[in-house]
Amino acid sequence: MSEMSINYGSDALAAAAASAAAKSVAGNATTDQLMAPREVNAQVTVPNTTDLSSNYMGLPLRNPVVASAGPLAQTVDSIKTLEDAGVGAVVMHSLFEEQLRYESEQIVQQTEEQSESFAEALSYFPVTAIASVGATLSSQYLQVLEDGAKALEIPLIGSLNGASGGTWTAEARRMQDAGASAIELNIYLVPGDTSITGREVEDRHVEILRAVKDVVNIPVAVKLSPYFSSFGEVATSLCDAGADGLVMFNRFLQPDIDVNKREVVSGFELSSPEIGRLPRTWAAVLSGKVKSSLAVSGGVETRDDIVKGLLAGADVVMTTSALVRHGAAYAGRLIDGLRDYLRRSDLTLDQLRGMLAVPSDASASEYERSGYVSAIEKAKRRYGV
Ligand SMILES: Cc1cc2nc3c(=O)[nH]c(=O)nc-3n(C[C@H](O)[C@H](O)[C@H](O)COP(=O)(O)O)c2cc1C
């Protein structure tokens, strides 16, 4: 089966992290003017009294704004900066199935080579061979996770990213042992094999989740794609299989084409706010209908995007691009903005959350379809000649 896998590239990650760190230190003057939302420069002074405490997969959070997996959560210092900025939780960048596979293949190969040369010695000290492989990427990751979890008061969530069954899922256990408060399981599966059926793709998601759930007892969220024939049914199956949270959605690498060079360009750019509509649509449909926590991820750039996610019914709202663009400290402004919004609207967070979710007694299909029909009618009146 051929599948494409995402690779954020360590250079790109490092560059994005360095740029965000510089912005954080320099303050708002250096924020990207192109995308700068109004809040960036607005001075919001809000009394720190409005209660924003939230619950995500059973984890108590001081507020519902979560730094999603990305370049700002690669070192203990940068994770700590996110905590200091005020976020409710941090998801670390991902460890990828491919990296874990590669590492275990290397270990086996080196162990075999060494056992041939030092067979006798290894029969007494076999562990030495494994240790001699040196610090692997996963052990570096686990070290940051362990140190980060000790240094933080807020939950630190480990992220595992893969698409097939296999031993890589056991890494979830090591993340738990290192102190992760939860696991975010990113299933990035592009069914490039044209013979794979929809049901097989869906079943694979459930199998991978079960493999992870089997080895941990901390909460597990599944970060997934919206591209299923019946996303609601997939979401429900994952919840039934034990998903404690659903993170909607993964951003798919959709390569572009450079017509001058006649080359495929596969850059991974920062997102724009429009992509937030799809996760909100599904949060509104699923809110109150599944027992897992709901996280919306994608296009959260301003205070209003956070409010919209909560109105749709999300338990938490995640953001990466905005923090890369404006610096980690921008999270504090988003959170102040949310507090200010609640105070001005005279609403509590609980009252706000899910206010615009699809009512539990309504048929979501009819609800969405009637919204669609009336939107088209409105657009025809607006743009028609
Ligand atoms: C530079 C960069 C690196 C990212 N790295 C990861 C990653 O390691 N694992 C993951 O699950 N998502 C990763 N993401 C995706 C984000 O977690 C998030 O889902 C996506 O960017 C949409 O949210 P946003 O619009 O707030 O950026 C990355 C995003 C960016 C921009």
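Start by selecting helix H3, residues 76–85, where Ser78, Ile79, Thr81, Leu82, Glu83 and Ala85 are buried. A residue counts as buried if 20 or more other C-beta atoms lie within 10 Å of its own, as exposed if 12 or fewer do, and as partly exposed in between, with C-beta atoms placed from the backbone. Helices (H or I, at least four residues) and strands (E, at least two) are DSSP runs, numbered from the N terminus.

Residues are numbered from 1 along each chain as its sequence is written.

**Whole chain**

Show the whole chain: it has 16 helices and 14 strands. Of its 385 residues, 43% count as buried. Two residues are in contact if their C-beta atoms, placed from the backbone, lie within 7 Å. Among the contacts with a separation of 6 or more, 74% are between residues 24 or more positions apart.

Colour by pLDDT, the predictor's confidence in each residue, from 0 to 100. The chain averages 84, and 79% of the residues score at least 70. Select residues 1–10: the pLDDT is below 50 here, and the stretch has 17 contacts in the model beyond near neighbours in sequence. Residues 121–134 are also below 50, with twelve contacts in the model beyond near neighbours in sequence. Where pLDDT is low, the predicted coordinates should not be read in detail.

**The barrel**

Now select the eight strands that close into a barrel, in the order S4-S5-S6-S7-S9-S10-S13-S14, with parallel pairing. Neighbouring strands of this sheet are turned by 25 degrees against each other on average, direction ignored; the axes are lines fitted to C-alpha atoms, for helices over the stretch in contact, and angles run from 0 to 180 degrees between N-to-C directions. Two strands pair if DSSP finds at least two bridges between them.

Follow part of the barrel strand by strand:

- S6 and S7 (residues 182–187) pair in the parallel sense over six bridges; leucine 160 has leucine 185 of S7 as its bridge partner.
- S7 and S9 pair in the parallel sense over four bridges; isoleucine 183 has valine 220 of S9 as its bridge partner.
- S9 and S10 (residues 245–248) run parallel and are joined by four bridges; alanine 221 has glycine 245 of S10 as its bridge partner.

Stay on S9, residues 220–224, where five of five residues are buried. In a regular strand the side chains alternate between the two faces of the sheet. Val220, Val222 and Leu224 point one way from S9, and Ala221 and Lys223 the other way.

**The ligand**

Select the ligand and the 24 residues that surround it; the closest are Ala69, Ser94, Ser271, Thr320 and Ser321. A residue is near a molecule or strand if its C-beta atom, placed from the backbone, lies within 6 Å of it. Helix H1 (10–26), strand S5 (89–96), strand S6 (156–162) and helix H13 (321–326) each give two or more residues to this shell.

**Tyrosine 367**

End at tyrosine 367, in helix H16 (residues 364–383). Tyrosine 367 counts as partly exposed because it has 14 C-beta neighbours inside 10 Å. Leaving aside neighbours within four places in sequence, tyrosine 367 is in contact with Val358 and Ala362. The C-alpha atoms of tyrosine 367 and valine 285 are separated by 9.3 Å, and these residues are 82 apart along the chain.

Methods. Predicted model: local features only at pLDDT ≥ 70, side-chain atom pairs only at ≥ 80, totals over all residues.
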